[in-house]
Amino acid sequence: MSEEAVPHAEAGQPRGWRARLRWLVPIVFLALVAWLLVRGIGEFNLQEMQRTLLEVPTPTALGIAALALAAVAFTGLIDTAIARWLGLPMPAREVLNLAFVANALSNTLNLSGAVGSGVRLLGLSTHGIPLPTSAALVGLQVLSLPLGLSVLIVATLALGSTPITPGATSHWIAVGVLVAAAAYLPAFFVLTSRRRLMRWLPHGMDLPPLRLKLALAALSFLDWLFAAAVLYACLYVTGVHVKAGPMLGSFAAAQTLGLLSLIPGGFGVFDGLMLLALTSDGYESAAVLSALFLFRIVYYLVPLLAGLYLGSGMLAERLPAVARASSRLRAHPLFGLLGLPASLLAGLGIRVLAALTFLAGLVLLASAAIPSVHEHIEVVREHLPLAAVESSYWLSILTGVLLLGLGRGIDGRLRVAYRLASIMLVVGAALAITKGLHFGEAAFLLAIAVLLRTRKREFTQRAMSLTSLTTFTWFAGLILVVLAFFAAGLFAVLGDDSFDLWYFGHGEHSSKFARGLFAAALGLAIYLIWQSFSVRRPALKHPDRGELERAREVYRQHGGGEFGHLTFMGDKHLFWSGDHGAGKGRAVVAYGAVRDRLVALGSPCGPEGGIKRAILDFRQFADAQDRVPLFYEVLEPDLSLYHDLGFDLFKLGELATIRLSEFTLAGKRWEDLRQAVNRSVKERLTFELVEPPFDTVLLSEVERVSDAWLADKGAREKGFSLGRFDEDYFSWSPLALVRRDGELMAFANVLPPYGPGGTASVDLMRHVDAAPRGTMDFLFARVMQWAREQGHERFSLGMAPLSAVGDNPYARINERLAALAFQYGGRFYNYQGLRRYKEKFGPEWTGAYLAYPRGSWVPGLLIDIAALVAGGYRRFLFGGRQPG
């Protein structure tokens with residue numbers, strides 16, 4: 001029996017009042033049940049509940065757990081029946097395995113039917129099942145699950161087995177709920193006989209035959225009966241010997257209201273209603289609570305752990321198929337209806353393990369807050385000295401707090417967190433026994449340790465963000481639990497008139513609890529210190545001269561792209577991809593870091609066969625540090641590589657290049673440059689190209705011109721993708737100089753082309769205010785003449801930011817906003833003027849893009865990159881304005 005029992009017919013995400021209703025309904029149900037419990041139930045005796053659970057024989061508990069696993073596995077027969085009718089080319093065993101994982105997860109983690117259905121869709125797609133066929137199986141499976149509950153209700157009402165209720169009014173309300181739920185049985189047969197209502201079936205497929213519908217009704221009925229049998233067994237072993245008929249009636253009513261509450265697993269609603277019903281019939285609340293707790297463990301938690309074990313790696317081992325299936329599913333309306341991203345499904349196992357690790361810490365603290373059973377204290381006293389028991393209690397609290405914090409590291413796939421959590425779980429299991437013979441608690445901790453072990457290979461991260469919203473959320477959970485533990489300790493102390501902090505004894509719970517608060521505080525301090533030092537990202541080092549020489553050699557052999565020479569500014573880090581096969585060699589990525597972003601400038605440079613591998617290696621390098629990998633200003637020819645590796649793309653503008661074979665000072669196209677060259681004679685301008693090394697006199701002249709230009713523009717030096725005045729940077733390439741009567745008027749550093757078919761360009765172009773009009777055009781013309789004489793093929797005029805971005809009605813919203821900035825943002829940056837200046841040379845335009853991981857917020861990425869170019873957020877926010 002799965003809780004994924006309410007089909008959804010809304011096309012798309014709920015909006016407005018429907019969205020609010022999904023939050024309001026569960027709250028109203030929980031509040032109503034809580035009110036009924038407060039009115040109808042007295043105080044709970046936690047020690048009596050603990051004693052009842054411990055008195056359940058271990059073989060009996062294991063038998064009930066096996067029965068529960070069989071019950072959850074039985075639900076898979078519904079999938080196999082539908083799969084057989086659809087003619088799926090999948091072995092029945094694989095269908096059952098997939099159904100078990102989906103049902104185990106959806107029972108506990110059900111998100112309005114999304115989890116189980118999403119797992120089925122993704123699993124079937126990775127096996128090559130066509131999406132319409134997969135959707136048909138999921139749709140019919142979801143419709144079939146409430147069918148058995150409806151049959152069960154009809155059977156109980158026919159036999160006169162009405163729910164146990166505390167009064168006449170509640171009795172008739174419960175009967176009314178059951179009658180309404182029973183109406184689903186005829187409705188199912190009517191709905192599935194209408195083609196218009198079953199249009200989600202594959203085209204050309206017949207409607208489900210009556211024989212199949214009867215089989216689904218029978219299987220679903222047995223499924224719910226199986227679940228009721230597990231609850232009955234839990235009640236029986238805890239001393240609640242209720243008759244089967246009334247129990248079934250109460251079970252059916254509670255499950256119906258649990259489903260209607262929209263709460264995963266009906267948690268709180270189902271339990272509260274069953275508790276209210278059985279206690280009103282004279283059964284002890286502690287015994288009923290013990291049975292419900294045992295039911296939650298064996299029917300929900302144990303199958304969840306088994307499902308995680310069975311499903312661990314089921315999707316990870318088929319990553320290429322998962323990637324392809326995810327792309328197909330995103331376009332399908334049924335998957336959009338579920339509202340669950342495929343990436344969440346693929347990583348669901350790790351997230352559940354993180355929650356279980358947190359839960360393990362919570363269990364250790366909760367067991368410390370509840371007084372131990374007296375009989376167990378006597379046994380411990382006979383075999384262990386008092387110091388060992390006190391130490392076990394104290395250390396278990398410390399371990400619990402550490403496990404609470406380590407849940408964040410497990411969620412972040414941290415290798416060091418995995419290792420420490422594995423140790424803490426085993427230690428916590430041992431302490432659970434020595435502090436009070438808590439065997440169930442020890443088994444739970446060991447089970448989580450085993451599950452962690454099955455996913456060992458997925459813990460590859462070396463660091464994580466300490467300032468992200470996810471980290472703050474986990475930390476808030478840790479603080480809340482520790483504060484609740486302190487509040488419980490304070491309550492225990494204030495409620496004990498004989499409290500003595502320094503009294504040591506096996507039965508002095510309040511004194512022991514108060515001392516345990518110091519352990520909790522110490523555990524919190526240890527965790528914060530560990531997190532601050534152990535998960536910090538490694539320092540990124542800038543390259544030395546030798547590493548830059550290695551990079552230049554790669555550029556000379558294989559090409560440096562449009563931005564390779566900017567590597568020699570020394571403000572970027574270098575990432576070298578691994579050697580993945582003979583003849584492929586190593587590629588290099590020049591990148592900068594800002595906040596949690598690693599921003600590569602352009603595409604990797606290296607052997608053609610190694611570029612794709614380098615992109616993937618860089619992404620894995622960033623992922624291992626919980627950073628976001630970005631590729632800034634990648635050009636159109638490389639876009640397919642980024643698309644294939646899961647990046648989304650945002651157009652930044654266009655790059656202008658000129659074929660030097662077409663360059664000449666004759667003709668209208670080059671009129672401005674020709675006039676500038678002719679005017680240079682009248683203005684007594686001379687051009688000179690100087691190769692490094694440069695003497696100090698020349699560098700001081702260049703610095704004077706640079707400082708004057710910056711002062712005139714009211715600007716400050718930038719970096720990353722823009723050149724700056726730096727003597728070391730200048731030493732890697734020639735300088736183009738324009739003088740008048742020996743005085744330096746303007747300069748530019750020339751970017752030489754690298755590799756075959758490379759592109760020459762200029763980077764830093766600056767002039768004094770007194771430079772004659774057309775000086776920079778004259779410099780441009782002479783540099784291009786020099787490049788053509790050297791046999792170079794192309795010359796780059798640089799980027800025109802936001803040019804041709806979002807200029808059609810079908811562009812993405814971010815790009816259309818960028819188009820508005822291009823059109824109206826001239827006050828802040830001369831976008832259109834820059835485009836017009838370069839357009840007059842008749843260049844070839846090549847789109848430049850930002851490649852970023854899917855789901856990232858593009859405006860935030862662009863702000864981070866702007867801060868990186870500015871030299872950091874302080875200079876970005878408070879530095880000089882960008883020159884236009």
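A polar contact is a pair of N or O atoms within 3.5 Å; within protein, one must be able to donate a hydrogen and the other to accept it, and residues adjacent in sequence count only if both atoms are side-chain atoms. The model shown here is predicted.

Begin at Lys572, which sits in the loop between α24 (545-558) and β1 (573-576). Is this lysine buried or exposed? With a relative accessible area of 0%, Lys572 is buried, because the cut-off for that class is under 20%. A polar atom of the Lys572 side chain lies 3.0 Å from the backbone oxygen of Leu566. The side chain of Lys572 also makes a polar contact of 2.8 Å with the side chain of Asp571. Leaving aside residues up to four places away in sequence, Lys572 touches His542, Pro543, Leu566, Thr567, Ala590, Tyr591, Gly592, Leu601 and Phe720.

Phe720, one of those contacts of Lys572, lies in the loop between α28 and α29 (727-730). Its phi is near 60°, a positive value in a residue other than glycine. Most residues other than glycine have a negative phi, and most peptide bonds are trans. Phe720 is buried, since its relative accessible area of 2% falls under 20%.

A positive phi, of about 60°, is also found at Arg684, which is not a glycine. Arg684 belongs to the loop between α27 (671-682) and β6. Where Phe720 is buried, Arg684 counts as partly exposed, because its relative accessibility is 45% and that class lies between 20% and 50%.

The peptide bond from Pro692 to Pro693 is cis, with omega near 5°.

Which residues touch the most other members of the largest nonpolar core? They are Leu673, Val702, Phe730, Phe795 and Leu850, in a core of 83 residues. Helix α30 (residues 775-789) supplies the largest share of this core, nine residues. Apart from this core lies another, of 78 residues, among them Phe74, Ala360, Ile448 and Trp530.

Not counting residues up to four places away in sequence, Leu673 touches Phe663, Leu665, Asp777, Phe780, Ala781, Met784 and Phe841.

Note on methods. Residues are numbered from 1 along each chain as its sequence is written. This is a predicted model: local features need pLDDT of at least 70, side-chain atom pairs count only at pLDDT 80 or more; totals for chains, interfaces and linings use all residues. Side-chain values use heavy atoms; hydrogens and water are left out. Helices (H or I, at least four residues) and strands (E, at least two) are DSSP runs, numbered from the N terminus. Buried means under 20% relative accessible area, exposed over 50%, partly exposed in between (1.4 Å probe, protein chains only). Contact means heavy atoms within 4.5 Å. A nonpolar core is a set of buried Ala, Val, Leu, Ile, Met, Phe, Trp, Tyr and Cys residues joined through side-chain atoms within 4.5 Å.
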